[in-house]
Amino acid sequence: MKNYSLKQYQENDYLNWNAFIGQAKNATFLFHRDFMEYHKDRFKDFSLMVYDDQKLVAVLPANRVGDSVYSHQGLTYGGLVYSSKINAEQLAPIIEGLLSFLKQKGFLYFYYKPIPSFYTYRGNQEADFFLFKKGAFVLKKEMNLAINLSLPLKISKSKLKHFRKIEMDDLDLVEEQQLDAFWQLVLEPRLKEKYNAKPVHTLAEITQLKNRFPDNIKQFSVYHENEIIAGITLFETPTTVKSQYGATTNRGESLRALDFLFINLIQKYKQEGKLFFDMGIVNEDNESGYHAGLLKQKEELGCSVYSQDFYKMNLI
């Protein structure tokens, strides 16, 4: 069995890491160091780099908390990122080396959250299999709602009926370069009103990220009589567009502005050839484990359920 060498990421690995992310089999822009490090003050980085002799063949975006390593708590998804030249059989010793490295460093637990398989053209579940064979177990499952855009759209009749009425309400859909209006007038007030919460990203953070990744982070807003009433912040990858934030004002809710926005964007990205429209998870801390209203709303927009698994492995 081939032996691979591992090292912890250091600042002088910046260019090498990003170059690898640019050509890896299962990477997105979230794994670029310029994205990962916008909140580096909140996470103790423990990202790893895997080498075959002198050649970088895999990386693990990760952080550490005490005696545990996570892949990576500051990202929507993570997992082992590897070269397109690595086949399933070659991944087994990489996993073996990764777990051995973590044990040698004294860690007791490893938590693993892979990128959903529909983000990659050629699948992404080899690592899950080999981790399972080494003793990893599913700690948690979440329902991730997404639309397969290669199939005919299945938006509910009631949604389409209201959509046709909404089109007569003189709503303007605008792609914006600035996020201030959506953040300050829609998203932040709505989250505070409904959940007494704040967005994961501050306005300064999401603006910085959009400036760094203008082709990947998009803002679409809806205006009525020159007033912003709804918006969606999207994260785009080669295969998938993800609704990262979506919110509406009370006025926008009465006009069903968010449905107007979602349906237009679903149709837009289907025409542009994206493979999936990811609307995220619907988990909630209740007896059922999910938000029934969100699940219904997303299914009515044509979503299907894809499993998002979280793994835990005891290293002792």
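Which residue in S15 does Tyr-109 stand opposite? The points below take up this question and then turn to loops and salt bridges.

1. The model is predicted, so that local features need pLDDT of at least 70, side-chain atom pairs count only at pLDDT 80 or more, and totals for chains, interfaces and linings use all residues. Residues are numbered from 1 along each chain as its sequence is written, and side-chain values use heavy atoms, with hydrogens and water left out.

2. Eleven strands form an open sheet with mixed pairing, in the order S2-S5-S6-S8-S15-S9-S14-S13-S12-S11-S10. Strand S2 (44–45) and strand S10 (171–176) are at the edges with a single partner strand each, so one side of each has no neighbour in the sheet. Helices (H or I, at least four residues) and strands (E, at least two) are DSSP runs numbered from the N terminus; two strands pair if DSSP finds at least two bridges between them.

3. Within this sheet, strand S8 (residues 109–112) and strand S15 (residues 304–314) run antiparallel and are joined by four bridges. The residue opposite Tyr-109 is Asn-314 in S15. Strands of a sheet pair through backbone hydrogen bonds, either parallel or antiparallel.

4. Lys-154 belongs to the loop between strand S9 (137–148) and helix H5 (157–166). Lys-154 is exposed, at a relative accessible area of 68% (buried means under 20%, exposed over 50%, partly exposed in between, with a 1.4 Å probe and protein chains only). Neighbours within four places in sequence aside, Lys-154 is in contact (heavy atoms within 4.5 Å) with Glu-299, Glu-300, Leu-301 and Gly-302. Between Lys-154 and Glu-300 there are 146 residues in sequence but 7.8 Å in space, C-alpha to C-alpha.

5. Thr-249 is found in the loop between strand S13 (240–248) and helix H8 (250–254). Its relative accessibility of 15% makes Thr-249 buried. Beyond neighbours within four places in sequence, the contacts of Thr-249 include Leu-185, Arg-190 and Ile-229.

6. The whole structure contains 18 salt bridges (a side-chain nitrogen of Lys or Arg within 4 Å of a carboxyl oxygen of Asp or Glu). One of them links Asp-13 and Lys-7, with the closest N and O atoms 2.9 Å apart; Asp-13 is buried at 7%, whereas Lys-7 is partly exposed at 29%.

7. Lys-296 and Glu-300 also form a salt bridge, at 2.8 Å from N to O. These two residues lie four apart in helix H10 (residues 292–300), and so are separated by about one helical turn. Salt bridges with shared partners join Lys-159, Asp-259, Lys-296 and Glu-300 into one network.
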